[in-house]
Amino acid sequence: MAFILGSGSPRRLELLGQLGLVPDAVRPPDIDEDPLKGELPRPYCIRIARQKAEAVTASADDVVLCADTTVALGRRILGKPKDAHEARTFLRMMSGRRHRVITAVAVRVGPNVREKDVVSTVRMKSLSDGEIEGYLVTGDWQGKAGGYGIQGPAGALIPWISGSFTGIVGLPLAETAGLLRAAGMEVWR
């Protein structure tokens, strides 16, 4: 049995390390992550995590772990910004408001997929143009849902959260550990 991480996220790899786990292989799947017309954020996130898990090549007894993190402002999905202009737009939209961060985790062994999603609420402080531009210059927004990462410089923009910090980062550890145990893996081995 091999443990395969279906993600290229260095944050997920680091978070797995906190559980004492090192994947035998890292195989980010290549799937279409565009939302379906009218798709709501939570079902979207769950669908993408499941599709990622199903797309990873693995043996029948391998444990495949995949996840997806989505930022939702109301019914709107704020994915990974294409460029600094889109990241700026996202930050302005979230400035002074609460938004949700949804992370869905899918664990597959053979044809069986178990999944769990975690929804956290985040409040971003009211941002000045200088704060937005200063953050964008860091480049930390690149490759991150909603255009920010709470574990980096953007942590200074977030005065309040309710939910799972590790879920906001990209892999809710309590739920992930439970799914991996259910798949027959030892945590903190």
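Me: What covers the buried residues of H2?
Reply: This is a predicted model. In it, the cover over the buried residues of H2 includes S3, strand S4 (76-78) and S5. The buried residues themselves are Pro41, Tyr44, Cys45, Arg47, Ile48, Ala49, Lys52 and Ala53.

Me: Why does Arg47 count as buried?
Reply: Buried means under 20% relative accessible area. Arg47 has 19% relative accessibility, so Arg47 counts as buried. Arg47 is found in helix H2. Leaving aside residues up to four places away in sequence, Arg47 touches Asp34, Pro35, Leu36 and Glu39.

Me: How do you know that the span of helix H2 agrees with its 15 residues?
Reply: The expected span is 1.5 Å times one less than the number of residues. For the 15 residues of helix H2 (residues 41-55) that gives 21 Å, and the end C-alpha atoms are 21 Å apart, so the two agree.

Me: Which residues have the most contacts inside the largest nonpolar core?
Reply: They are Leu91, Met94 and Tyr148, in a core of 43 residues. Among the elements that give two or more residues to this core are strand S1 (3-5), helix H1 (10-18) and helix H3 (84-94). Another core, of 13 residues, lies apart from it; Ile4, Ala25, Ala49 and Val56 are among its residues.

Me: What does Met94 touch, not counting residues up to four places away in sequence?
Reply: Met94 touches Val71, Leu73, Leu78, His99, Met124, Gly146 and Tyr148.

Conventions. Residues numbered from 1 in each chain as written. Predicted model: local features only at pLDDT ≥ 70, side-chain atom pairs only at ≥ 80, totals over all residues. Heavy atoms only, no water. Core = buried A, V, L, I, M, F, W, Y, C linked by side-chain atoms within 4.5 Å. Buried < 20%, exposed > 50% of the residue type's maximum accessible area, 1.4 Å probe, protein only. Helix = DSSP H or I, 4+ residues; strand = E, 2+ residues; numbered from the N terminus. Contact = heavy atoms within 4.5 Å.
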